[in-house]
Amino acid sequence: MSIPLEKPELLKAQYRAFSYQLPLMYVILLTNTWVLAATHMSVAPTWLAVYIPIVLTLVCAVRLMAWSRSLRVTPTHEVAARALARTNRLASIIAVAFTGWALLLFPYGDAYAKSHVAFYMAITVIGVIFCLMHLRPAAFTVAAIVNGAFFIFFALSGNSVFIAIAINTGLVSGTMLVILLIQYRDFTRLIEAKIETEALSNENFRLANLDSLTELPNRRAFFSHLGEAFTEAETTGQTLAVGIIDLDGFKPVNDLYGHGIGDKLLYEVGQRLAGLCAQNIHLARLGGDEFALIISRPSSETELLALGESLCTALRVPFVFAEAAVQISCSIGFAVYPENAKSAADLFERADYALYHGKRSKRGKAVLFSSDHDAEIRRDARIEQVLQMANLQEELSVVFQPIVDVRLDETIGFEALARWTSPVLGSVSPVQFIPVAERAGFINRLTRPLLEKALTVAADWPAGIRLSFNLSAQDLTSPEGLLHLISIIHASRFDPKRLDLEITETAFAADFGQIQSAITTLKALGCGISLDDFGIGYSSLSRLHALPLTKIKIDRTFVTDLHRKPASYKIVKSLLALGRDMGLDCVIEGVETQEEVTALRELGGFLIQGYFYSRPIREADIPAFLNLQSNLSVPNRARLH
């Protein structure tokens with residue numbers, strides 16, 4: 001007989017069912033009342049046959065309008081509880097009022113009129129019970145009041161017909177109450193099953209949108225939220241920003257300490273970022289070591305960059321675990337709507353490009369997408385389009401930069417460098433077209449003709465001169481690509497033992513197992529394997545030991561003005577010592593001044609490449625360079641610029 005206050009969803013379901021059934025109940029009640037009143041107007045007093053029905057009609061009309069309005073309302077738990085409790089109370093009052101009025105009419109009229117009163121009470125209580133089936137206390141209250149009064153009144157009338165009607169009505173009402181209990185039980189189970197299904201569905205949805213490692217929203221949830229936020233920003237005319245965060249130095253942590261520490265690190269990174277994000281920032285993990293932000297209503301670009309710098313600073317603080325203390329950093333790319341994008345997809349891509357640009361030029365910093373970046377995107381798109389249609393065999397060429405052993409003042413080899421002269425775009429820098437080809441996934445289409453050309457030229461060099469050639473990770477990550485390289489090497493007249501194939505540390509971001517297998521195969525051919533740009537990428541000592549390297553190339557970033565920069569001097573000294581300890585030759589790139597050469601000699605760096613000796617030269621100029629070099633002293637070689 002109580003309302004299930006502890007089951008809010010059941011309460012709301014009862015309320016919604018009542019919103020449709022109670023207006024029908026009042027219609028039935030008033031219709032039956034006025035039909036009964038009409039048959040007694042000529043025999044009963046006016047106050048009883050007219051005025052009381054009018055009062056009852058007004059009361060019912062008010063309730064009828066109230067419940068009719070509720071059809072358009074989505075109730076809360078509290079609203080449903082109050083409405084059902086009120087209905088429960090009013091049920092007894094209305095039952096007493098209508099029952100009392102009907103019994104007051106009974107003495108008036110003939111036997112037919114008296115029978116009508118009995119019929120009215122019997123049929124009305126049955127209809128009301130049906131309409132109250134979803135509110136069990138009210139249904140039982142009405143049944144008890146009406147049937148109790150009906151049975152007692154007619155059982156004491158002394159009329160066998162009325163006594164039979166009373167007994168029959170009581171049995172029917174009792175049966176209906178049993179049916180009501182069964183129906184209410186089934187209704188309750190249906191609602192509970194629906195609640196369980198919705199809860200399971202919600203949990204599945206939550207899990208489908210949750211990154212299980214960091215407990216942050218995942219990539220799917222991020223793009224769903226981005227779509228909603230972008231639509232809102234379009235509608236309201238507000239600004240919206242997206243930030244993409246990429247961890248710098250995460251892969252070496254994974255390699256050195258294992259995936260267990262890597263997973264712990266990602267979790268802690270997520271927690272640290274979440275602690276710094278305000279309420280208007282949606283943080284998600286896109287996958288791997290990449291996180292993303294959706295910032296609603298950023299006040300200014302300055303605020304965005306300040307947020308980015310604060311996140312970068314926070315992630316530079318070491319993470320301390322029981323097994324080890326690790327230190328990483330991060331790079332962040334931001335893009336803003338409406339300044340930088342016309343759609344949610346554009347906004348994400350612009351932020352991703354800003355991140356890409358930042359990792360190349362401002363690693364460890366926050367970068368905001370700008371008009372310059374937009375111009376770069378358009379330029380790169382044009383380069384990609386032209387490059388796709390280019391006759392690479394004719395348009396690509398190779399130039400060569402000497403590698404000199406300063407101990408012997410001799411050129412020991414040349415590095416092959418790509419050049420592209422397009423009939424459409426003219427001369428395009430490799431700094432531009434090589435990254436475009438790598439991002440577009442067709443760098444191997446460039447590698448093959450370039451390697452063929454370089455090997456053809458090198459076949460005519462003196463026997464002691466080596467050739468260095470750069471490979472992309474994409475050249476090594478597929479068995480088909482590796483077979484193409486091997487076939488080109490075999491088809492050439494150049495001895496593979498004089499060929500150094502260079503890979504960059506960024507290749508480690510690809511499938512390391514496949515990279516390792518490919519390098520081992522190339523080493524078995526007799527090729528030397530050089531690690532290019534050493535010190536600025538993703539390498540770790542464990543991976544260096546896992547690869548059959550023969551050389552490392554120290555990037556010019558550490559070489560420039562090292563005689564004036566103590567930090568650079570120490571780094572180069574350490575890298576040279578590492579190379580010696582591992583039995584690897586060290587080639588030092590980007591050497592441009594006599595002071596740098598002198599400093600490198602003091603440190604034991606003897607294999608040098610850079611403008612100090614020569615810019616890249618054409619095939620036809622190599623014999624003259626080799627002859628000229630043998631007649632020049634080291635101080636005068638700067639003239640070869």
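Where is the place of histidine 373? Histidine 373 sits in helix α12, which covers residues 371–389. The model described here is predicted.

## Histidine 373

The relative accessible area of histidine 373 is 6%, so the residue counts as buried, the cut-off being under 20%. Leaving aside residues up to four places away in sequence, histidine 373 touches Tyr353, His357, Val367 and Leu368.

Phenylalanine 187 is 186 residues away from histidine 373 along the chain, and the C-alpha atoms of the two are separated by 62 Å.

## Salt bridges

The structure holds 20 salt bridges. Side chains of opposite charge can pair when their charged atoms come close.

Aspartate 500 and arginine 466 meet through their side chains in a salt bridge, at 2.8 Å from N to O. Strand β12 (residues 499–504) holds aspartate 500 and strand β11 (residues 466–470) holds arginine 466, so the pair ties together parts that are 34 residues apart in sequence. Aspartate 500 counts as buried because its relative accessibility is 2%, whereas arginine 466 is partly exposed, with a relative accessible area of 23%.

Arginine 556 forms a salt bridge with glutamate 592, and their closest N and O atoms are 3.1 Å apart. This pair links distant parts of the chain, 36 residues apart: arginine 556 is in the loop between β14 (551–554) and α20 (566–581), and glutamate 592 is in the loop between β15 (585–588) and α21. Arginine 556 has 38% relative accessibility and counts as partly exposed. Glutamate 592, at 34% relative accessibility, also counts as partly exposed.

Arginine 601 and aspartate 409 form a salt bridge through their side chains, at 3.8 Å from N to O. The pair links distant parts of the chain, 192 residues apart: arginine 601 is in helix α21 (residues 594–603), and aspartate 409 is in the loop between β8 (396–405) and β9 (410–422). Arginine 601 counts as partly exposed at 35% relative accessibility, and aspartate 409 counts as partly exposed at 28%.

Salt bridges also link Asp246, Asp248, Lys359 and Arg363 in a network.

In soluble globular proteins, nonpolar side chains tend to be buried together. The largest nonpolar core in this model has 77 residues, of which Phe400, Leu446 and Leu467 touch the most other members. Helix α15 (residues 443–458) gives the most to this core, with eight residues.

Which residues does leucine 446 touch, not counting residues up to four places away in sequence? The contacts of leucine 446 are Leu387, Leu392, Leu396, Phe433, Ile434 and Ala437.

## Nonpolar surface patch

Trp47, Tyr51, Ile54, Leu58 and Leu104 make a nonpolar surface patch of about 530 Å². Helix α2 (residues 46–69) gives the most to the patch, with four residues.

Leucine 104, a member of the patch, is placed in helix α3 (residues 77–105). At 46% relative accessibility, leucine 104 counts as partly exposed.

Terms used:
Residues numbered from 1 in each chain as written. Predicted model: local features only at pLDDT ≥ 70, side-chain atom pairs only at ≥ 80, totals over all residues. Heavy atoms only, no water. Salt bridge = Lys/Arg side-chain N within 4 Å of Asp/Glu carboxyl O. Helix = DSSP H or I, 4+ residues; strand = E, 2+ residues; numbered from the N terminus. Buried < 20%, exposed > 50% of the residue type's maximum accessible area, 1.4 Å probe, protein only. Contact = heavy atoms within 4.5 Å. Patch = residues over 30% accessible without salt bridge, like charges linked within 9 Å, V, L, I, M, F, W, Y side chains within 5 Å. Areas by Shrake-Rupley, 256 points an atom, 1.4 Å probe, with all protein chains shown as cover. Core = buried A, V, L, I, M, F, W, Y, C linked by side-chain atoms within 4.5 Å.
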